[in-house]
Amino acid sequence: MKIHEYQAKAILKAAGVPILEGRVVHSAKGAAAAFSELGCAIAVVKAQIHAGGRGKGGGVKLVRSAAEAEAAATAIMAKPLITYQTGPHGQKVKTLLVEQGCAIERELYAGIALDRASKLPVLMVSSEGGVEIEVVAHSHPEKILKEPIDPITGLLPSQARRLAKEVGLPPALWEKATQFLQALCRVYVEKDLSLAEINPLVVTKDGQLLALDAKMNFDSNALYRQPGVVALRDLDEEDPSEIAGQEAGITYISLDGNIGCLVNGAGLAMATMDIIKLYGAAPANFLDVGGGATKDQVAKAFRLILADPKVTGILINIFGGILRCTTLAEGIVAAVKETGLSLPLVVRLEGTEVEQGRQILRDSGLAITTASTMADAAEKIVKATAKA
Amino acid sequence: MSVLVNKNTRVLVQGLGKAGRFHMAQMVQYGTKVVAGVAPGKGGTTIDGIPAFDSVAEAVKATGADASVVYVPAAGCLDSILEADAAGIALCVVITEGIPISDMVRAFAALRLRGSTMRIIGPNCPGIITPGECKIGIMPGYIHRPGPVGVVSRSGTLTYEAVWQLSERGIGQSTCIGIGGDPLIGTTHVDALRLFNDDPATEAIIMIGEIGGTAEEEAAAFIRKSVRKPVVGFIAGQTAPPGKRMGHAGAIISGGSGKAADKIAALEQAGVAMATNPSEMAATLVKLLGK
């Protein structure tokens, strides 16, 4: 789960990480008032959307007066903000953060992510702040300094000092850096984060360390014990069909193609997308109905696919393990009878109770094409949709 | 022969809710030696014909169980895993999906600190099966048959797909290991490959990976260096967009790493015969062995 920059900064501030004074507003007038209230010579108006790349997309503007703040806010909110992460349609901006400007001496990077090999979260600090860390990791991996975070001790001051020293901070700033990094690590652990990024972490001309930007992703498996985090969720930033999927207990991710897929299991669902591509078409979605899906969930999944106007054909690929083929077949028949079916539908069933499942489909009298293998199914649906 | 589990493996079930009981019955039906169930408060009774105990330690003491399978809800798994280790369990298969990452960080850290030798398979996995001998987990038993191919995979149903393709062609499996779809897992591709490489009964290996992390790249390096048996590979998620978690918590392309193309290239360079079509995993193996 993702949150906005202003929300991440509020969490950091509460943990003792220094941030700049700012105001959250929802209108151009609000931005002007916020500028006046902050009482500074320079401020920054920042679009609050979950996607990265806001600066390059025109969602961050430097302003020097209330009038400029109003104009900047108007411009940012006028149309959807398009960045490399939003897709071509962009994301509507409803919220702005108006923040004090500051005189920057240096820009650093600090981030925490899970290291799968050591099975520990790892704190990364780099002298190359303000740049995408992936780019640094690719071109100058030696410029990313790392320290593992032990779950027993948390980040130790000695670890933080080492990073501060090697990133080139003067000894006078080591204590501040230690406090900053330790607080960041505490937040990561206590709030069940899966990713934290402060980019840039700035050193100001008057010797302060500040989180100029903040990004946090939360481990969705741990949300049950983080009610304060769940309250920060902004559903407007998420795909409505993906939310509907979650509510039905289904993993649904919309994609750009035209063949709707209904599969059980994440690996098989990905492989099904791949095989559709292999036969010359593109999947409209990833959909995993899960291992223990009920007839009702199958029907809901089917309706989700049909609700996508891009879809011109549907491929169902089920390897029944816990999910019995009969359950799947009953769900499909129920959904089709309710919604009607004007699109080609190819079903490949294998596994537990497969014969009875196939019989249910045959007996339904519906225009369902059956397939014996994944390849057969992909070929049939691609052919059927090409004709349509 | 086989790896990790066989007809002598004595299995204990942790978590006897609806799912745990259902799969315990399936395991018993398959012929797995299920010797105990752990259900705090129900010690001394029997559940579906299996003796129940209040703790793993008591169950191990009374039954000599050496493997456990965890169906406990996600919030309780940290406890269940560490309890199994404390009781001397050698193999702990964690089926449960949705365990918080930080719980697994702490579990692995605690096990390291204890100097534990317990092997974990999973979490978020279908389990492990040695066909005809021992099934620990949730996979449909009937699709498997005994034979010479070792199968290792991060995915559940895609493993069934590979196994089914093999069995349809009359090719059996030595052992199939579902290592799990989470970012932190106890047994990696490399671990499974090492076991198969050392197992005399395993003559060839199918390795199924997916996007996210670098486990497949590490497997490629290991195969190149150490594996002396034919390996067929498949990577799921070649068409997955970056930044989207494809169902499994671990299946996400982030920051330019974890891409299918990189994994495929690494494995091909290591001499692995890659199936480009998931429908042809077994066919690729047949072709490889026929050469």
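Me: Where is T86(A) found in chain A?

Reply: Helices (H or I, at least four residues) and strands (E, at least two) are DSSP runs, numbered from the N terminus. T86(A) sits in the loop between α3 (66-78) and β4 (96-100) of chain A. Keep in mind that this is a predicted model, where local features need pLDDT of at least 70, side-chain atom pairs count only at pLDDT 80 or more, and totals for chains, interfaces and linings use all residues. Residues are numbered from 1 along each chain as its sequence is written, chains are lettered from A and ligands numbered from 1 in the order in which they are written, and side-chain values use heavy atoms, with hydrogens and water left out.

Me: What does the side chain of T86(A) reach?

Reply: The T86(A) side chain reaches the backbone nitrogen of T83(A), at 2.9 Å. Next, contact means heavy atoms within 4.5 Å. Setting aside neighbours within four places in sequence, T86(A) is in contact with I49(A), A51(A), L81(A) and Q91(A).

Me: Now for chain B: why is it called as compact as a globular protein of its length?

Reply: The radius of gyration is taken over C-alpha atoms, and the globule rule is 2.2 Å times the number of residues to the power 0.38. Chain B has nine helices and 14 strands. Its radius of gyration is 18 Å, close to the 19 Å that the rule gives for 291 residues, so chain B is as compact as a globular protein of that length. The C-alpha trace of chain B spans about 55 × 40 × 30 Å along its principal axes.

Notes. Polar contact = N/O pair within 3.5 Å; in protein donor to acceptor, adjacent residues only side chain to side chain.
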